[in-house]
Amino acid sequence: MRRDTNGPALVGRQQETDLLAAALEQAASGGGGSAVLLRGEAGIGKSALLEWTGQRARERGFAVLRAVGVEAETEFAFGALHQAAWPLLQRSRALAPHQRDALESAFGGHAGTPPSGFAVGAAALALLDEAARGGPLLLVLDDLHWIDSSSATVFAFLRRRCAELPLVIVGASRPDGAAAEAWPPEPVEVRALSRPDAAALLLRRHPELASTAADRLLDEAAGNPLALVELPRQLRGEQQRGVAPLPDRLPLGRRLERMFAERLASLTPAAGRVLLLAALATGTAGGSAAWSCGTAGGDAEAALERIEADGLARLDPAGRLVFRHPLVRTAVISTASEAARREAHRVLAGLLAPDDPRRLVHEASAALLPDEALAGRLQDAGRRLARRGGDAEGALLLDRAAALSADPDERARRLTWAAVMAARGGQLHHTAALVAELKRAPVPPDIAPLFAYAVVYVDQSHRIDFESSSTLLPAALDALTTPGAESFGGLAEQVYFKLLLAATYTDDPRAWEALARHRENVSEPGRLCHRAWTEPSRGVAEELCTVVDGMNAEQEAGAAWLLLWTASAVDSADGDLWRRFTGLHGYATQGSVAKAKSYQDFLRGRWDLGPVCLREADSAEELGYHCNALMFRHYYAHFLAGRGDEAGLREIEQLIRPTAMRAGLRFVLDRLTHLRGLAALAHGRREQAYAHFAEITPPGRRPGGLPWFHVLLFDLVDAAVHTGRHREARAHVAAARAERSAELSGHHAFVLAAAAALASDDDSADTAYRAAYAVPGAEQWIFELARLRLAHGSWLRRRGRAEARDVLRAAHHVFRRLQADPWAQRCEEELRAAGDLVAPAPGTSVAGLTGQELRIARLAATGMSNKEIGNALRLSPRTVAAHLYKIFPKLGITSRAALAHALATR
């Protein structure tokens, strides 16, 4: 694959583009014209090559003419020629009268005897010669096989004479195109992409695809670029991302379906039945032609011969019917009627053993009326899938089981299970629809706790509404913990987690009371999670590791949310923990993993991954997990605040604060206030920062309902010390020590030591700073450690200590890497005061760029397009372009290619 700066990038077409580029270069340099015929099957990429050639030609100064053959217009004489010549008709006044008359007659301009193809060809050549006086020409002819014969004759004439002009003619035709017979004897065969090139194209056009979905699509498309581009567009977002299973048959979409519809429609009924059985039986009975013919009825042998003659499928040496292209199989299924598909599934089910799981799939696809026995088998299979982490797949089976249920109560039970599984598997829109349907009628009492859980799941994750959590879940816990009650597969643990999440997000006392009342009724992970968020004490992080190490994979899958939320309470959701849950369950668990990782990326200085939060937010929105989207944007706000990007922080606040206020999300609202203070600290506005921090918690006292009190410690003490509030700073450190904060986790130990160093008097300050550096794992907390070094270096400089420079340089290096410009500038001020003529950070206050312009310039310098930059910064591509229009003259450059150098040298 090659990205050519002179035209749109194509994948896997190096040889073809080199040939086309050479033809253009030859014409542009006065070497004469030429003609190229691209030949290949439908969807193979011929039109993309024509588009590439047109773009390349325009950039080289060519005038580009174009005609496209249309099947419905093959009887319109000179129709395609009219398309191509239309932009040049004004120049026909310069032609000889007989030539002008020939063109006007051909295009219906006046009555008379139609001119011969030769006469029109000569006139067209004269017209092109006149146009070529202004520069070289490119004539693009797409779908030559559908161009009317009169135009085809003229184009063939022009091809033979194009060497006389600076004219390149590029045509595209299918292998059996009659109109292409007069073209070069050696056309350029455009073949299917290799597997690596096909994968590269799929990744470029559909980067959101999960690997499992991509592998399936690569198999189905078999290197056909149109299929690679179009097939994923027919899938839902959750299917693209691998959180929901792909359908048995991939929807083709209209463009692909048209490729095969006509040929399939011409088959005999017997041939159609053979193909449908073989298509639906792929992976079921080996696609054997023998059983296909034996079950299709009629003259199956003749049907098979017809299929092979039409080139739709062939027999391999093992006697299996192999489709000529995977898209043929998909088209066969797509164009068959529902009744025909059901009958085919019924036949195939009868060929399999009763205990074969594939038989269940065929039976379900064939069923039309309620069937309780089949519904029960589908339900059992769905629950087995869910126990193995296949919630999305299990939901599909339970949904189908509900549709086959004769009893209304059984239907409600299965729909409720389907709703819960769909939510866990990332299909929250479907869950919301199922819950709305279930609310229309009374739910059986025995399923009430599960139904309450489904309602709350939708309210929390989809509607960002936590009121039902405190009204429904306490009663559900009461019912689930009653002796002898149905467990619903450990539902009490999940209800407990949802209630704990609501309590920590909203600080609702009703939720806290119910959690405390049921703490002894849940597992050890549940109790540990509750303690981590209400009574954080010694050894929570170590106890968490012990609990996780003692679990098997199935136990981990069931407790993943509790374990991740426990780790989040004590800032210990490190890579070893979240990597253990990668691949468990569907989006519900993976979303929790991604949120934990986002915050850890901030804490551990992986700030280049900050934009991932926005991509995750967009994915969550698409899947219906609006609360997750809000939380991802809230985590992105941390990166902005750390960099002192107050404009970006305000934009994020405007997006999420109103919703957080409506839902009473104190967790988010207080953190946004905290981040305002952090951004103010970055710019040296310590009084303002202290006011923000004090709004959350009075110094020296841990506020109730704020388990993350310890995270605020370092920032509040920093602001207090630098505003002369030394007594308040020391009181706050003392309160944290009384809470035994250092025993919670390694991060808490470092934060407390760093805050203590800031609050120390001069006699003990140096020792306190070095003690903070010595906290095990201190080097992990990149940003906070750099801030500590800035404070220490400043303290050393004021006392004339030579080592101040080394400490400040270390902090400065980190701030530059994090692009935390205000902090880096403060380091530079300190270094200059110490006599070190440090260079400013690359891109800092470059040529008077604003903060937004600087962000855009940096992203553009990496090669991102305006659309990609807009997605990252939540701007429109037009706004990005307007900023770049202002940036270029400020930097003294004229193109994006010069951005990186301009930013690096200023």
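A salt bridge, as I use the term here, is a side-chain nitrogen of Lys or Arg within 4 Å of a carboxyl oxygen of Asp or Glu. I start with one such pair. Glu 16 forms a salt bridge with Arg 13, and their closest N and O atoms are 3.8 Å apart. I looked up the surroundings of both residues. Glu 16 and Arg 13 are both buried. I note for myself that this is a predicted model.

**Entry: the whole chain**

I stepped back to the overall picture. I find 46 helices and seven strands in the chain. The chain has 906 residues, and 55% of them are buried.

How many salt bridges does the structure hold? I get 45. My background note reads: side chains of opposite charge can pair when their charged atoms come close.

I picked Arg 510 and Asp 508 next. Their side chains meet in a salt bridge, at 2.8 Å from N to O. Are the two partners buried or partly exposed? Arg 510 is partly exposed, because its relative accessible area is 37%. Asp 508 is buried, with a relative accessible area of 14%. I needed the cut-off here: buried means under 20%.

Then I turned to Asp 618 and Arg 633. They form a salt bridge, with the closest N and O atoms 3.7 Å apart. Asp 618 lies in helix H31 and Arg 633 in helix H32 (residues 626-642), so this pair ties together parts that are 15 residues apart in sequence. Asp 618 counts as partly exposed, because its relative accessibility is 34%. Arg 633 is buried, at 8% relative accessible area.

I also found a network. Salt bridges that share partners join Glu 372, Glu 410, Arg 413, Arg 414 and Asp 446.

**Entry: helix H31 and the cysteines**

I stayed with helix H31, which covers residues 610-623. Leu 623 lies in this helix. Is Leu 623 buried or exposed? Leu 623 is buried, because its relative accessible area is 1%. His 462 is 161 residues from Leu 623 in sequence, and their C-alpha atoms are separated by 9.1 Å.

I looked up two cysteines as well. Cys 613 is buried, with a relative accessible area of 1%. Cys 627 is buried too, at 6%. How many disulfides does the structure hold? The count is zero. I wrote down what the term covers: a disulfide is a covalent bond between the sulfur atoms of two cysteines.

**Entry: helices H22 and H23**

I moved to a helix pair. Helix H22 spans residues 448-462 and helix H23 spans residues 467-480. Their axes come within 9 Å and cross at roughly 155°. Why do I call H22 and H23 roughly antiparallel? The crossing angle is roughly 155°, and angles over 145 degrees count as roughly antiparallel, so H22 is roughly antiparallel to H23. The crossing of H22 and H23 is left-handed.

I listed who meets whom. On the H22 side are residues including Pro 449, Ala 452, Tyr 453, Val 455 and Val 456. They meet an H23 side that includes Ser 468, Ser 469, Leu 472, Leu 473 and Ala 476.

**Entry: helices H43 and H45**

Helix H43 (residues 851-861) and helix H45 (residues 877-891) pack at an angle of about 90°. Their axes are 10 Å apart. H43 and H45 are therefore roughly perpendicular to each other. Gln 852, Glu 853, Ile 856, Ala 857 and Ala 860 are the H43 residues in this meeting. Across from them in H45 are Val 880, His 883, Leu 884, Lys 886, Ile 887 and Lys 890.

**Entry: two positive phi values**

I ended with backbone angles. Ala 222 has a phi near 50°, a positive value in a residue other than glycine. Where is Ala 222 found? Ala 222 sits in the loop between helix H8 (211-221) and helix H9 (225-230). Ala 222 is partly exposed, because its relative accessible area is 35%.

Gln 819 has a phi near 60°, again a positive value in a residue other than glycine. Gln 819 lies in the loop between helix H41 (804-818) and helix H42 (821-833). Gln 819 counts as partly exposed, at 35% relative accessibility.

Key: Residues numbered from 1 in each chain as written. Predicted model: local features only at pLDDT ≥ 70, side-chain atom pairs only at ≥ 80, totals over all residues. Heavy atoms only, no water. Helix = DSSP H or I, 4+ residues; strand = E, 2+ residues; numbered from the N terminus. Buried < 20%, exposed > 50% of the residue type's maximum accessible area, 1.4 Å probe, protein only. Disulfide = S-S within 2.5 Å. Axes fitted to C-alpha atoms, helices over the stretch in contact; angles between N-to-C directions. Parallel < 35°, antiparallel > 145°, perpendicular 65-115°, else oblique. Left-handed = near helix turned anticlockwise from the far one by under 90°. Contact = heavy atoms within 4.5 Å.
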